[in-house]
Protein chains: 2
Amino acid sequence: MFRIASALLAVGALTGIIAAAAGQTHDDAAPVYGIKLPADYRDWRLISVAREEGHLDDIRAILGNDIAVKAYREGTLPFPDGAIIARLAWSYDSSEENNKVFGRVQSHVAGAPKNGVQFMVKDSRKYAATGGWGFAQFDDGKPADEAMHNTCFACHEPIRARDFVFTRYAR
Amino acid sequence: MFRIASALLAVGALTGIIAAAAGQTHDDAAPVYGIKLPADYRDWRLISVAREEGHLDDIRAILGNDIAVKAYREGTLPFPDGAIIARLAWSYDSSEENNKVFGRVQSHVAGAPKNGVQFMVKDSRKYAATGGWGFAQFDDGKPADEAMHNTCFACHEPIRARDFVFTRYAR
């Protein structure tokens with residue numbers, strides 16, 4: 001009985017592992033554009049910072065990989081293939097600790113991650129239909145759904161003059 | 001006459017160069033702590049972002065050199081010698097361009113550099129009197145005055161529990 005139970009447990013565990021692995025393979029690329037979460041994006045250099053009020057209500061940082069940052073600094077437009085721009089965002093938290101030190105209410109800091117992490121990946125052939133850019137959003141490391149990804153380009157399209165990129169480089 | 005004028009011009013130019021060089025040597029280290037502007041700070045990795053209202057009225061990014069970022073990520077306190085934390089800040093500008101795309105007033109972006117660039121440099125022996133930290137502010141690349149530098153530590157002192165550093169790492 002012990003052996004049968006163990007065997008069943010082993011089969012069950014194996015099935016679980018296979019399912020998880022299959023899920024992993026399926027889930028780790030964002031839909032529509034097929035972009036995977038870049039492993040090192042948190043190490044990328046800073047392009048700029050921003051704050052969105054309203055329903056987004058976050059404070060954000062825009063980072064770029066080496067190709068993107070070089071293009072920004074040299075004013076290269078359109079961005080070359082291989083450029084990736086990342087948008088990180090956090091809750092916009094009033095800092096009681098800082099305000100106490102300053103003696104007035106004035107300080108807001110980044111709280112928990114919020115509104116996902118978004119990427120624009122430049123590949124002028126692969127993404128020719130969307131200005132040469134692929135778009136991706138990951139929430140807690142997992143790609144957002146297809147409906148969400150279908151909204152990206154429409155919003156970026158008005159910024160055609162700067163190759164569909166909202167953010168300017170902060171000197 | 002031409003030769004004399006040329007010689008005088010040459011002497012004048014040389015004096016100017018010497019004066020500029022002397023000025024450079026004298027001015028490039030911040031007073032009190034003797035810190036020079038790190039050449040590569042704009043390439044450092046992101047620690048977090050923040051916004052100060054009131055008279056500062058800016059949006060800011062806190063960057064760290066490799067030693068500082070490693071300590072942050074591993075939760076090492078106090079920060080090891082060699083850690084440097086940089087605070088960059090820009091004017092907090094409403095973005096008409098972004099608001100137009102979003103169809104509502106919600107977007108603020110980084111404008112021109114503002115409130116100088118500030119640094120905390122960890123050297124537990126050299127700066128033993130100020131918690132092991134030296135402080136520096138540079139405005140347009142030039143160090144701020146001594147009076148300004150004498151205000152730094154008093155403001156950081158209440159944050160003793162986190163080695164005098166206000167900013168927490170943004171995951």
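Predicted model: local features only at pLDDT ≥ 70, side-chain atom pairs only at ≥ 80, totals over all residues.
**Entry 1: a charged residue on chain B**

I started with Glu74(B), and I noted it as exposed because its relative accessible area is 52%, and the cut-off for exposed is over 50%.

Next I checked what Glu74(B) pairs with: its side chain meets that of Lys70(B) in a salt bridge, 3.4 Å from N to O. Both residues sit in helix α2 (residues 66-74) of chain B, 4 residues apart, or about one turn of the helix. I also found a network there: salt bridges with shared partners link Asp43(A), Arg45(B), Asp66(B) and Arg73(B).

**Entry 2: more salt bridges**

How many salt bridges does the structure hold over all chains? I got 20. One of them joins the side chains of Arg160(A) and Glu157(A), at 3.5 Å from N to O. Arg160(A) is exposed, with a relative accessible area of 52%, while Glu157(A) counts as partly exposed at 33%.

Then I looked at Asp58(B) and Arg60(B), whose side chains meet in a salt bridge of 2.9 Å, N to O. Are these two buried or exposed? Both are buried.

**Entry 3: Arg60 on chain A**

I moved over to Arg60(A), which has its place in strand β2 of chain A. I put it down as buried, because its relative accessible area is 11% and buried means under 20%. A polar contact of 2.9 Å joins its side chain to that of Asp58(A). Leaving out residues up to four places away in sequence, Arg60(A) touches several others, including Trp90(A), Leu88(A) and, over on chain B, Val49(B).

**Entry 4: where the chains meet**

I counted 42 residues of chain A in contact with 42 residues of chain B. The two chains bury about 3,500 Å² between them, with 52% of it on carbon and sulfur atoms. Which three residues supply more of chain A's buried area than any other three? They are Arg42(A), Val49(A) and Gln106(A), with 18%.

Across this interface I noted 8 salt bridges. One pair is Glu97(A) and Arg162(B), whose side chains meet at 2.8 Å, N to O. For polar contacts, the count between the chains is 25 residue pairs. β1(A) gives the most to the side of chain A that touches chain B, with 8 residues. That side divides into 22 nonpolar, 7 polar and 13 charged residues.

**Entry 5: strands across the interface**

His108(A) stands opposite Arg51(B) in β1(B).

Methods:
Residues numbered from 1 in each chain as written. Chains lettered and ligands numbered in written order. Heavy atoms only, no water. Contact = heavy atoms within 4.5 Å. Buried area = accessible area lost by both parts, 1.4 Å probe. Salt bridge = Lys/Arg side-chain N within 4 Å of Asp/Glu carboxyl O. Polar contact = N/O pair within 3.5 Å; in protein donor to acceptor, adjacent residues only side chain to side chain. Helix = DSSP H or I, 4+ residues; strand = E, 2+ residues; numbered from the N terminus. Nonpolar A, V, L, I, M, F, W, Y, C, P; charged D, E, K, R; others polar. Pairing = 2+ DSSP bridges. Buried < 20%, exposed > 50% of the residue type's maximum accessible area, 1.4 Å probe, protein only.
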